[in-house]
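I opened my notebook today to look up charged side chains and how they pair. Here is the model I worked from.

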Amino acid sequence: MISIFTDEINREDPLRAVELAAEWGVTHVEVRSLVGGRFPRVRDEEMEAFYARVCDAGLAVSGVSPGFFKCPIDDPSVAEGLSEGLPRACEWARRWGTDLVSGFGFDRGQGEGVPAEVVDRVGEMADIVSREGCRLALENEPVCWGGTGLEAAQMIRQIGVDRITLCWDPGNSARAGSACPYPDEYETVKDLVAHVHVKNYDPRTGGWVIAERGVVDWPGQLKALRSDGYGGFVVVETHLAISPDAFEVVDPTFSGLEANSLRNLKFVRECLGREV
């Protein structure tokens with residue numbers, strides 16, 4: 001199933017993002033940021049109004065990304081994130097019809113080797129999310145512990161595969177230094193994958209690129225996911241707001257981010273053999 005981040009369509013106007021997602025024929029959206037701030041750190045009224053528009057557009061929510069714990073493990077915000085932030089995120093995820101909450105493994109700083117304290121804390125995060133009726137997927141993220149798929153998988157297996165799964169982001173893994181996210185890393189982590197983010201990275205420039213152009217072999221990766229019986233979402237997360245180049249912009253009113261996200265959505269559909 002294909003989903004798309006609303007704030008990867010339009011970062012300033014979530015309602016326009018929802019409208020465009022519906023026009024583009026997707027069935028689900030992923031939620032990260034709203035006008036008032038990052039989910040769920042906004043007023044209840046804003047979240048209620050946003051979800052009403054999602055429903056009015058005939059869409060559903062595939063997952064939420066609250067972004068907790070990209071901070072050092074000893075940051076004062078960690079306690080509040082565990083006691084209040086995660087339960088609130090899960091409450092609203094359930095209200096919105098999803099149980100998928102993605103999370104991060106704390107700022108890695110300059111350290112080498114995942115500290116045991118980090119593994120324990122991420123395990124605590126997973127238990128809180130489970131207790132609140134949801135499931136936690138650890139997203140591999142370059143600035144955090146679990147930057148590559150291999151490192152994230154090591155953490156997940158230490159915590160227990162019955163407690164936490166992997167939000168597999170090959171683009172992030174490439175940015176974290178992986179030379180071959182697919183097929184090499186994927187073959188090692190594929191049994192843990194519960195959610196997938198689609199973007200691409202060019203190590204020569206150190207920047208994000210259109211999904212079809214970077215180091216990640218997305219046609220091969222998407223084919224492998226299908227062959228392996230993956231039943232979760234692939235979520236378009238473009239990360240490229242510059243004006244598109246070398247291809248036709250289908251609508252001159254689109255921003256660079258909107259045009260690039262539509263381009264990536266079409267590319268994913270082509271790879272999966274679905275109608276554009």
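Is Glu237 buried or exposed? I looked it up: Glu237 is buried, at a relative accessible area of 3%. For the record, buried is under 20% relative accessible area, exposed is over 50%, and partly exposed lies in between (1.4 Å probe, protein chains only).

A note on the source: this is a predicted model, where local features need pLDDT of at least 70, side-chain atom pairs count only at pLDDT 80 or more, and totals for chains, interfaces and linings use all residues. Residues are numbered from 1 along each chain as its sequence is written, and side-chain values use heavy atoms, leaving out hydrogens and water.

Next I checked the partner. Glu237 forms a salt bridge with Lys199 at 2.6 Å, N to O (a side-chain nitrogen of Lys or Arg within 4 Å of a carboxyl oxygen of Asp or Glu). Lys199 sits in the loop between strands S11 and S12, and Glu237 in the loop between strand S14 and helix H9, 38 residues apart. Helices (H or I, at least four residues) and strands (E, at least two) are DSSP runs, numbered from the N terminus. Lys199 is buried too, at 1%.

I then followed the network: salt bridges link Lys199 and Glu237 with Asp7, Glu8, Arg11, Arg32 and Asp169.

Arg53 is partly exposed at 32%, and Glu19 is partly exposed at 41%.

Overall I noted 21 salt bridges in the structure.
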